[in-house]
Amino acid sequence: MKTTRRIARGWITTSLFVALLGPATLWAKGHEEHGHGVEHVASGHGHHSAPEVSDINWVDGLFSRPEGTPVPVVALLINTAVLFFLLGRFGGPAIREGLKGRQKRIAQDIEAAREMKETAIEQLAFYKEKLERFESEMKSIQDSMREQAELERTRVLKEAEERRLSLEREARARLERELVEARKEALRVAVSESIRAAERVIKGTINGEDQERLGGEFAQTVGASATREVSA
Amino acid sequence: MTEVRDRYAQAIYELASDPAELDQVARTLSEFARLYGESRELREALENPVFPMERREAVLVDVASALGGSEDSLATRALRVLFSRRRLPILAELAQTLRKVADERKGIVRAQVTTATALNEGFYEQVGRALSEALGKNVVVERAVDPQLIGGAITEVMGRTIDRSVRGQLRRVEQDLLMLTAQQSLSH
């Protein structure tokens, strides 16, 4: 409603301006025409004189105007009134319709804007809620990840500990095996070297008498040995 | 190859008139096999196709004669057959088989007695008697010397080995000690 009034006020202001502009223009034209005479007069005096209210033709020649007389202001006002009447009589409904259409469009625009605003508010609320939910979810995810990381860390530490214990056990077992092997090897070498040493000593000390004695012992026992061997 | 060897051995065994002849053939073939294995010149003379067959056969007969076999003896004839059929490489195994067959026919068992040094004759006679009594067979002692034995003796008879050498006893002591130490290591 305010908009309609504002538009109407605009139209009235414009019309008045046009109505006043017409007489003023006509006045200026008449004055100009009159001025030429004055100028002619002034050329003898050498200066212009400023127009006054009394110079305006208000009503002279309203119905019949001699040539050179400016259009009276009242006539112009009448013309203007007629113009307004015609505008109001014939252009008014169209203007009203246009204004109503415009009002309707503006109202629709306002409604759409309102709806958009409501939608935006809803969206805002929705996104705020979502953001809050996101924050909550993010916190939940962070907590979950932290928990998982802690569990993973615990698992890795446990596995590392088990691995360490396993390696330690293997190393101990290997060490023990190697110690056993080393001991066996040392004993084997000691035994073999002892036997080689004994061989060297016997070779160095055995003589013909010993050979005969050993041969005699062999000859005495070989029969029994052969019996055992062959029967076995 | 075993079948071929046994076939030739059987033929020679049947052709031999008595165990003495079989023993002679076995000895001749054994000696010839030893020479054939050791002498590259003899192998060249017998196998080189550059020489005529008659010349090569004449060499064979000459060597066989030098080993104690006459031209018509069973050993020489056997060598000729083996030569003509390119069977000389089985000669060593054939001689061994014949020796074994001859020994069996004569009831002889051969025992190889190895000592670190050569011992007196009484030792070998005593060993032969002891083995003959123990095995109930006529044991012939073949002698060998191996200083590596250090002392004592080893005899191989009827596929068995009786080791009473010093080296053998030391080996046994070594084995016993190693087994003992291994058992102790396991028990620890």
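Reader: Before we start, what makes two strands count as a pair here?

Author: Glad you asked, since this is a predicted model.

Reader: What about E1(B) and strand E2 of chain B: parallel or antiparallel?

Author: E2(B) spans residues 138–145 and is joined to E1(B) over 8 bridges. B:Val113 stands opposite B:Arg143 in E2(B). The sense of this pairing is parallel.

Reader: Which order do the strands of the open sheet have?

Author: The sheet is open, with 4 strands and mixed pairing. E2 and strand E4 (160–163) of chain B are the edge strands, each pairing on one side only. From one strand to the next, the twist averages 20 degrees. Written out, the order in chain B is E2-E1-E3-E4.

Reader: Which strands does H3(A) touch where it packs on the sheet?

Author: This helix comes from chain A, while the strands belong to chain B. Its direction makes about 145 degrees with that of E4(B). The strands touched by H3(A) are E1, E3 and E4 of chain B.

Reader: And which strands does H7(B) touch?

Author: H7(B) packs on the sheet as well, its direction making about 140 degrees with that of E2(B). The strands in contact with H7(B) are E1, E2 and E3 of chain B.

Reader: Why does the aromatic pair of A:Phe218 and B:Phe123 join two chains?

Author: The two rings form a tilted pair, 6.2 Å centre to centre with 40 degrees between the planes. Both residues are buried. A:Phe218 lies in helix H3 (residues 208–231) of chain A, so the pair joins two chains because its partner B:Phe123 sits in helix H7 (residues 121–135) of chain B.

Reader: Which residues do ring pairs link into a cluster?

Author: B:Phe123 also forms an edge-to-face pair with B:Tyr124, at 5.0 Å centre to centre and 75 degrees between the planes. B:Tyr124 is buried, as is B:Phe123. The linked residues are A:Phe218, B:Phe123 and B:Tyr124.

Key:
Residues numbered from 1 in each chain as written. Chains lettered and ligands numbered in written order. Predicted model: local features only at pLDDT ≥ 70, side-chain atom pairs only at ≥ 80, totals over all residues. Heavy atoms only, no water. Phe/Tyr/Trp six-rings, centres within 6.5 Å; stacked < 30°, edge-to-face > 60°. Buried < 20%, exposed > 50% of the residue type's maximum accessible area, 1.4 Å probe, protein only. Pairing = 2+ DSSP bridges. Axes fitted to C-alpha atoms, helices over the stretch in contact; angles between N-to-C directions. Contact = heavy atoms within 4.5 Å.
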